[in-house]
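Welcome! Take a look at the sequence and the model, then read on.

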Amino acid sequence: MTDPVKTPSQLRSARWFAPDDLRSFGHRSRLMQLGYGEEDFRDKPVIGILNTWSELNSCHAHFRERAQDVRRGVLQAGGFPVELPALSVDESFTKPTSMLYRNMLAMETEEMIRSHPLDGVVLMGGCDKTTPGLVMGAISAGVPMIYLPAGPMLRGHFAGRTLGSGSDAWKYWDERRAGNITDDEWLGVQGGIARSAGTCMTMGTASTMTAITDAMGLTLPGASSIPAVDSGHQRMGAECGRRIVGMVWEDLTPDRIITPASVRNAAIVAMATGCSTNAVVHLIAMARRAGVALSLDDLDALGRDTPLIANVRPSGKDYLMEDFFQAGGLRALMKQIEDRLDGSALTVTGRSLAQNLQGAEVFDDDVIRPLSNPVYREGSLAVLRGNLCPDGAIIKPAACDPKYHLHEGPALVFDSYPDMKKAVDDEDLQITPDTVMVLRNAGPQGGPGFPEWGMLPIPKALIRQGHRDMLRISDARMSGTSYGACVLHVAPESFVGGPLALLRTGDIIRMDLNARRLDMLVPDDELAARKAAWTPPQPRFERGWGWMFERHVTQADQGCDFDFLQTDFGRVAGEPDI
Ligand code: FES
Ligand code: MG
């Protein structure tokens with residue numbers, strides 16, 4: 001711990017508990033109602049343990065226990081721990097999509113911290129949207145925070161084969177649709193693909209976002225790689241509790257950690273891990289909360305320059321997060337690319353990134369590759385522009401067959417997911433391997449909530465002919481565990497009148513990945529005529545959260561935060577001292 005800069009009377013919580021007045025009497029007497037005495041809380045940092053545990057979040061099934069480990073650490077370091085529930089935003093059960101609720105968690109986190117007597121917080125998350133949601137809110141709240149990543153679940157297993165979250169579900173589903181596996185085998189996959197608490201153990205959105213948070217300096221070094229059920233994860237939890245108390249005394253606030261340098265470090269690490277496409281949206285949103293401008297073009301430039309060295313599925317070939325951990329984990333990966341990172345960036349340890357990386361080692365160089373032998377020479381993500389996506393679109397070159405990197409073909413356009421679903425199951429669908437399948441009205445407002453529909457299923461008619469990939473385009477996102485030649489996040493989305501709304505079945509689409517172009521080969525005057533004839537669709541919501549979401553969500557290239565939340569570190573004007 002570096003030297004304390006705060007005294008007990010300067011703690012934020014002292015406003016609640018210290019004064020000899022009637023209000024503070026009330027606060028203290030209510031702590032006593034909870035069974036605490038003065039010696040439990042007087043002059044101690046109050047640490048909020050923000051726990052996204054829920055019985056409908058299988059990825060966080062260990063969080064009730066883990067909160068006890070954090071509590072142990074807080075007490076050891078002389079803090080006063082209080083556990084608070086936060087919206088769980090689970091990925092598997094939330095309909096229509098968890099992305100509709102990321103900003104709700106961010107708002108809840110910010111306001112819960114602001115309104116309560118908390119001096120510092122441990123954020124417990126991991127399942128996809130929980131990481132950006134918690135971090136965005138805590139950045140805006142501005143108190144010292146440390147992120148406790150849920151950790152990946154164990155490898156999946158079925159009939160002697162290893163199974164990866166998401167990726168193998170899609171793969172075996174295609175095989176089932178092609179009639180290549182039995183119902184019993186399918187049930188075996190169902191029972192074996194998720195074997196323990198923890199987040200998806202491919203390099204999906206969860207592992208990507210926790211790695212980003214780790215690289216940004218917001219977790220204990222390497223914490224994101226520890227499997228959820230490893231005893232090291234419990235020890236990490238206790239250490240989070242001890243460390244946050246020190247951070248409070250040191251006044252180590254997130255604005256000192258999240259800087260242009262640490263955001264850039266996080267983006268580079270994301271590229272080197274073969275990150276989920278969702279990283280783009282969340283990283284932009286997190287950076288903007290910290291007042292750091294990050295654009296799609298910045299990410300494309302880093303993507304062109306950063307080799308993918310984590311051989312973890314789906315971008316990598318062979319391994320899963322448990323292998324990545326055993327090969328040295330994120331610290332070892334960062335050590336490999338240390339000269340590309342800004343080692344002076346400050347982290348929650350109070351030390352620099354370079355100091356945290358001292359002694360990091362790769363134990364298996366097939367899992368974490370040297371720069372001389374990358375999985376893929378260029379980065380994980382590319383940003384396309386053209387008359388179909390003037391504000392950008394994303395593709396994951398490493399996860400698609402290189403034969404699609406330069407492609408021209410006729411569009412087959414669907415206006416809704418149910419229409420598309422019906423067509424792909426039609427064995428007589430008129431389609432060739434050159435056809436470009438397009439789904440629209442699936443963006444932030446159109447989805448609604450920007451669902452993960454972007455890995456459009458390959459039509460049965462093509463699967464039977466042996467095809468497993470084709471060029472697909474949408475204004476949706478896709479799961480971080482997905483793969484294939486899928487262009488995503490087309491902006492502006494069709495629902496708000498982006499050019500995708502003007503595309504018709506039969507129009508020729510051209511993608512040139514090397515030139516970063518995506519165009520529909522339709523003359524400008526024809527597009528202008530179609531635009532003039534376009535009428536906006538009815539809003540999706542008439543009340544409630546969705547109504548507010550629709551009015552304030554920004555487009556994919558802006559991070560999909562709410563317009564009124566995207567501020568720099570400005571606090572709420574004049575917190576009233578009552
Ligand atoms: Fe929770 Fe994948 S479903 S991380
Ligand atoms: Mg996911």
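Of the contacts in the protein with a separation of 6 or more, 79% are between residues 24 or more positions apart. Keep in mind as you explore that this is a predicted model. The protein has 21 helices and 14 strands, and its radius of gyration of 24 Å is close to the 25 Å that the globule rule gives for 578 residues, so the protein is as compact as a globular protein of that length.

**Overall picture**

- The C-alpha trace of the protein spans about 80 × 55 × 45 Å along its principal axes.
- Buried residues account for 54% of the 578 residues in the protein.

**Confidence**

- The average pLDDT of the protein is 94, and 98% of the residues score at least 70.
- For the complex, the predictor gives an ipTM of 0.92 and a pTM of 0.95.

**A parallel sheet and a helix across it**

- To find the sheet, look for 4 strands in the order S2-S1-S3-S4, which form an open sheet with parallel pairing.
- Strand S2 (80–85) and strand S4 (145–149) stand at the edges of this sheet; each has a single partner strand, so one side of each is left without a neighbour in the sheet.
- From one strand to the next, the twist averages 20°.
- Strand S1 (residues 46–51) pairs with S2 in the parallel sense, over 6 bridges.
- Helix H4 (residues 63–76) lies across S1, S2, strand S3 (120–125) and S4, and H4 runs at about 165° to S1.

**A closer look at Lys317**

- You will find Lys317 in the loop between helix H14 (296–305) and helix H15 (321–326).
- Is Lys317 buried or exposed? Lys317 counts as exposed, because it has 10 C-beta neighbours inside 10 Å and the cut-off for an exposed residue is 12 or fewer.
- Lys317 and Val367 are 50 residues apart in sequence, while in space their C-alpha atoms are 9.5 Å apart.

Note on methods. Residues are numbered from 1 along each chain as its sequence is written. Chains are lettered from A and ligands numbered from 1 in the order in which they are written. This is a predicted model: local features need pLDDT of at least 70, side-chain atom pairs count only at pLDDT 80 or more; totals for chains, interfaces and linings use all residues. Two strands pair if DSSP finds at least two bridges between them. Helices (H or I, at least four residues) and strands (E, at least two) are DSSP runs, numbered from the N terminus. Axes are lines fitted to C-alpha atoms, for helices over the stretch in contact, and angles run from 0 to 180 degrees between N-to-C directions. Two residues are in contact if their C-beta atoms, placed from the backbone, lie within 7 Å. pLDDT is the predictor's confidence in each residue, from 0 to 100. A residue is buried if 20 or more other C-beta atoms lie within 10 Å of its own, exposed if 12 or fewer, and partly exposed in between; C-beta atoms are placed from the backbone. The radius of gyration is taken over C-alpha atoms; the globule rule is 2.2 Å times the number of residues to the power 0.38.
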